[in-house]
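Please keep the sequence and the structure in view as you work through each solution.

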Amino acid sequence: MYKYTAAKLWSGRSAGETDKRLDEFNSSVSFDCRMYKEDIAGSAAHAEMLGRQGIISSEDSEAIVKGLRGICDDIESGVLAIDPAAEDIHMFIESALTERIGEAGKRLHTGRSRNDQTATDLRLYAKKALNCLSVKLKALIGVLLKHAKEHTETVMPGYTHLQRAQPITLAHHLCAWCQMFLRDISRLSDAGRRLDESPLGCGALASTTYPLDREWVAKELGFSGICRNSLDGVSDRDYCAEILSALALMMTHLTRISEEIILWCSLEFGFAELSDAFSTGSSIMPQKKNPDICELIRGKAGRVYGDLIGTLTMLKSLPLAYNKDMQEDKEALFDGFDTASACLDALIPMVETIAFQAGRMRSAAARGFINATDCADYLTKKGMPFREAYSVAGKLVSECECLGKTLETLPLENYQAHSEMFSDDIYQTLRLESCIQRRDLPGGPSPRAVGEHIKYLEDCITP
């Protein structure tokens with residue numbers, strides 16, 4: 001295994017050695033080493049452009065690109081170990097390159113600063129990570145839709161204030177989760193669109209005197225364009241905050257689905273049961289089956305919130321252009337990506353193997369008078385003002401509670417004692433399946449409407 005000790009490439013100004021404690025505090029290689037591919041890709045494109053523009057010789061350009069590819073191969077194969085004492089990944093790779101190819105390696109940094117180099121690497125990394133998360137979110141939506149297709153007629157209570165409210169289907173509820181995650185994909189895409197500009201060529205802050213072809217490099221690296229202001233290009237970390245904001249909202253949604261699964265798997269609800277492969281037990285209570293994945297997701301959301309607040313605080317009041325404070329952008333962004341990705345990796349197979357208890361859901365829907373609104377609508381459609389119909393329905397519910405009845409089992413004479421508008425068709429009206437079938441508006445819970453919604457969601461996640 002080869003191991004290069006990265007020299008301080010900025011040491012010309014300083015005659016003495018820096019204190020070891022400064023080196024350790026200043027170093028970022030322990031976390032920015034994950035960007036070695038992006039750093040090598042950016043450097044290779046920059047070197048090729050330098051050769052194309054005649055800023056360095058074509059021979060040096062080719063040697064640099066070949067040397068960088070060899071370094072990438074050796075890091076990936078484990079032949080080359082990244083020096084933990086290096087200041088950062090950028091200096092490590094440049095030092096390794098120079099040791100391998102000699103003088104030509106020293107020409108790589110022509111017309112470039114670590115400021116625009118670092119900014120480019122981070123944007124390239126963020127683009128890949130955003131795409132990876134979007135793929136995982138689509139996979140989660142796909143798993144939810146698979147369940148939804150099987151439960152378009154599975155009746156369950158819908159809730160407000162965690163109280164049974166109106167009848168819906170399980171498919172309708174699952175599709176609501178899908179809509180949240182679809183918006184998350186959209187937010188990640190928006191963030192990716194705004195960061196899709198290349199900072200290379202911005203230099204330290206004032207661009208460079210060399211005739212760089214910034215547009216060519218941007219296209220070579222897959223950017224849609226270039227940063228239009230060199231000061232902004234090296235000091236902009238808005239996109240880090242924007243990504244973390246999108247991730248924080250995504251984690252909020254993951255906590256909501258997690259909380260509902262926790263509730264549904266409790267004995268009190270009994271709406272779902274987790275696979276043994278994705279639940280844990282107790283060290284003392286042999287009957288326990290705990291939804292640890294969901295609980296951890298709830299807890300890990302706080303990490304991502306903290307990453308967002310830390311990034312906003314780091315950026316607050318920073319003067320232009322680059323400041324060392326901005327080194328703090330990476331750990332927060334990396335942690336946000338890692339945490340969100342790990343949560344999805346655990347949640348997707350857990351949801352895929354969950355068993356929904358349709359009988360328990362139907363039984364819960366039969367209690368709680370969740371068809372009371374339909375009772376009021378019944379009278380309204382026969383001409384009674386809604387507020388008066390609402391009052392009649394409320395009195396009927398109270399009467400049922402006193403008699404130990406449901407609206408479906410209350411005798412017709414009891415109905416007619418409150419209004420002569422009631423006839424025996426009230427019982428068909430109050431069937432939970434009928435209540436759901438009549439809610440056939442776009443976005444409603446009827447099997448037909450939900451079927452259309454499922455098709456829409458499938459189209460949204462299909463490439």
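## Exercise 1: Two helix pairs

Helix α3 (residues 36–52) packs with α6 at an angle of about 120 degrees, and their axes are 9 Å apart. Bear in mind here and below that this is a predicted model.

**Task.** Decide which word describes α3 relative to α6, roughly parallel, roughly antiparallel, roughly perpendicular or oblique, and then describe the contact of α3 with α6 by class.

**Solution.** 
Step 1. The range for roughly perpendicular runs from 65 to 115 degrees, and roughly antiparallel needs an angle over 145. The angle of about 120 degrees therefore makes α3 oblique to α6.
Step 2. As for handedness, α3 passes α6 in a right-handed crossing.
Step 3. On the side of α3, Glu-38, Asp-39 and Ser-43 take part, and they meet Gln-117, Asp-121, Leu-124, Tyr-125 and Lys-128 in α6.
Step 4. Sorted by class, the residues of this contact are 2 nonpolar, 2 polar and 4 charged.

**Task.** Now take α6 with α12: how are the two helices oriented, and how do the residues of their contact divide by class?

**Solution.** 
Step 1. The axes of α6 and α12 are 10 Å apart, and the two helices pack at an angle of about 15 degrees.
Step 2. Angles under 35 degrees count as roughly parallel, so α6 is roughly parallel to α12.
Step 3. The crossing in which α6 passes α12 is left-handed.
Step 4. The contact of α6 with α12 is made up of 19 nonpolar, 3 polar and 5 charged residues.

## Exercise 2: The nonpolar cores

**Task.** Find which residues have the most contacts inside the largest nonpolar core, and which helix gives the most to this core.

**Solution.** 
Step 1. The largest nonpolar core has 72 residues, and Ile-243, Leu-254, Trp-264 and Phe-337 are those with the most contacts inside it.
Step 2. At least two residues of this core come from each of α6 (114–150), α7 (170–195), α10 (238–264), α11 (292–315), α12 (328–352), α13 (358–365) and α19 (447–461).
Step 3. With 14 residues, α10 gives the most to this core.
Step 4. Another core lies apart from this one; it has 32 residues, including Leu-50, Cys-72, Trp-216 and Ile-226.
Step 5. Returning to Trp-264 and leaving out residues up to four places away in sequence, one finds among its contacts Met-156, Leu-170, His-173, Trp-177, Phe-269 and Met-361.

## Exercise 3: Backbone features in the loops

**Task.** Which peptide bond is cis, and what is phi of Ser-207 and of Phe-369?

**Solution.** 
Step 1. As background, most residues other than glycine have a negative phi, and most peptide bonds are trans.
Step 2. The bond that joins Leu-320 and Ala-321 is cis, with omega of about 5 degrees, and Ala-321 is placed in the loop between α11 and α12.
Step 3. Ser-207, in the loop between β5 (197–198) and α8 (214–220), has a positive phi near 60 degrees; its relative accessibility of 38% makes Ser-207 partly exposed.
Step 4. Phe-369, in the loop between α13 and α14, also has a positive phi, near 55 degrees.

Methods: Residues are numbered from 1 along each chain as its sequence is written. This is a predicted model: local features need pLDDT of at least 70, side-chain atom pairs count only at pLDDT 80 or more; totals for chains, interfaces and linings use all residues. Side-chain values use heavy atoms; hydrogens and water are left out. A nonpolar core is a set of buried Ala, Val, Leu, Ile, Met, Phe, Trp, Tyr and Cys residues joined through side-chain atoms within 4.5 Å. Buried means under 20% relative accessible area, exposed over 50%, partly exposed in between (1.4 Å probe, protein chains only). Helices (H or I, at least four residues) and strands (E, at least two) are DSSP runs, numbered from the N terminus. Contact means heavy atoms within 4.5 Å. Axes are lines fitted to C-alpha atoms, for helices over the stretch in contact, and angles run from 0 to 180 degrees between N-to-C directions. A crossing is left-handed if the near helix is turned anticlockwise from the far one by less than a right angle, and right-handed if clockwise. Ala, Val, Leu, Ile, Met, Phe, Trp, Tyr, Cys and Pro count as nonpolar, Asp, Glu, Lys and Arg as charged, and the others, Gly among them, as polar.
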